[in-house]
Each structure stands twice: as C-alpha cells, then as structure tokens.
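Here's a walk through one model, pockets and all. Have the viewer open and follow along.

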Amino acid sequence: MNPRAYKLGRRVDSVEETRRRIVMATFEVHDEKGIADTTFRDIAERADVSLATVYRHFPTYDTIVEACGELSRSMLPPLDPTAFAEVGDLRERLRIFAESIGKRLELLGDWEWIRNDARKIAPINRFISEFHDETCAFARAALGSSGDDRTVAIVVALVDAAVYRLLREGGQPPAEVLVDVLGTWLEQRQPIIPYKGAS
C-alpha cells in the first residue's frame, strides 16, 4: 500500500472518530442539561477534546444539533405503512400503530424536554415537524379508508409523548389503553371499513 494513502486513510478514520465522539458527548450532555442549556465547553470537556476541535467540526451550535438529529433518525425504527397490508382488524391495526410510536418515543427519551427546547433552536423544530408528519402518515395508513384529517389528528394527539408518560406513571400500558379508547371511539362513530390502503 502507498504510505501516503495509508496515512490519509488513518487521518480520515481519526477525523470521523473525533466527530463521532463529539456527537456522542453532545447526546450525553443534552440528557443531563437539556439541548438549549448545553454549551460548546460542556461538549469539549465531555468528549475530552479542545474547544477549537469542537468548533472545527461544528462551526455553529445548529450544526451539532443537526448532527445529533441525523443520528437520532438513524436509530429510530422505521414506520412501515405496509405493516397494515394484511391486517383487516381495526384494533390490531391500532395496536401496531400505538406500539410502533411507543418504541420511537422510548428511544428519543424526554420528548417533552426536546419540544420545549425547540422554541430556541431551529433544527429541533425541523426534527419535530418531520416526526409529526411521519406519525400522521403512519396513522393514516393504520386507519385506511376511515383516516380522514380529523380522525388522524385525534389519533396522533392521543399518542403524544405526554399521554404515554402519564399512562405509564399511572401504571397503565399505553398501547393497550390507546387501542381500547381509540378502538371503542372509532367503532361507535362509524362502521369498520375493511382496510384498502392509505387514502
């Protein structure tokens, strides 16, 4: 191997490793202090690198928050609308929907804290907006032909992180409760329409 190519390869690996270490350190500090209250100095100390190194990789705080958002997205289980293709029962479709959203919320951690910090940091707003849009599309797929805008909005509101947290604190399994509540409401307000794909 060409010695110059080898050195360049080692340098690229080192740069990527340093960047990864900074992003992981940022996640840790965010968990402790919140996103808006984290400083570059906090990140540098946690990553055990100089302040200049953090700035070299991430010239603005928005860029490091965006990198954290990209990593978060890559760790979230995808919402697959085809999961409902062979499921005709409304309650079972709701169960798949509620459990899938619950898994994502667990991985994201303190979603309410993230949402509060969104008022101060633009990239978080984009992340939340994308998460909401994905949840709406998934809800529409779960509801099939009965997924009008009003119903989708109500279903998405009931799988909000705050609702999940309150149910857990009350000793109730969120997915089961939401299936019972949503299933009963939907069955009473309209006939169950066999699934025909997302409208």
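Let's start with the biggest opening: helix H1 (3-33), H4, helix H5 (90-108), helix H6 (111-117) and helix H7 (122-143) each put at least two residues into the lining of the largest pocket. Helices here are DSSP runs of H or I with at least four residues, numbered from the N terminus. Keep in mind that this is a predicted model, where local features need pLDDT of at least 70 and side-chain atom pairs count only at pLDDT 80 or more, while totals for chains, interfaces and linings use all residues. Residues are numbered from 1 along each chain as its sequence is written, and side-chain values use heavy atoms, with hydrogens and water left out.

The largest pocket has a volume of about 500 Å³. A pocket, on a 1 Å grid over the protein atoms alone, is an open set of points where a 1.4 Å probe fits, with protein on both sides within 12 Å along at least five of seven lines; a lining residue has an atom within 4 Å of a point. Volume is the space filled by probe spheres set on the points, which are joined across faces, edges and corners. There are 25 lining residues, and Phe27, His30, Ile35, Ser72 and Ile114 sit nearest the centre. By class, that's 13 nonpolar, four polar and eight charged, with Asp, Glu, Lys and Arg counted as charged, Ala, Val, Leu, Ile, Met, Phe, Trp, Tyr, Cys and Pro as nonpolar, and the others, Gly among them, as polar.

Which element gives the most to this lining? That's H4, with eight residues. H4 covers residues 61-75 and reaches 21 Å from first C-alpha to last, close to the expected 21 Å, a figure that is 1.5 Å times one less than the number of residues. Its buried residues (under 20% relative accessible area, 1.4 Å probe, protein chains only) are Tyr61, Ile64, Val65, Ala67, Cys68, Gly69 and Ser72.

Now for the second largest pocket, at about 170 Å³. Of its 13 lining residues, Trp111, Arg115, His132, Val156 and Asp160 are closest to the centre. H5, H6, H7 and helix H8 (149-158) each give two or more residues to this lining, and H7 gives the most, with four.

Finally, look at threonine 18 in helix H1. Threonine 18 is buried, at 13% relative accessible area. Its side chain reaches the backbone oxygen of serine 14 at 2.9 Å. Leaving out residues up to four places away in sequence, threonine 18 touches Val49, Thr53 and His57, contact being heavy atoms within 4.5 Å.

Key: Buried means under 20% relative accessible area, exposed over 50%, partly exposed in between (1.4 Å probe, protein chains only). A polar contact is a pair of N or O atoms within 3.5 Å; within protein, one must be able to donate a hydrogen and the other to accept it, and residues adjacent in sequence count only if both atoms are side-chain atoms.
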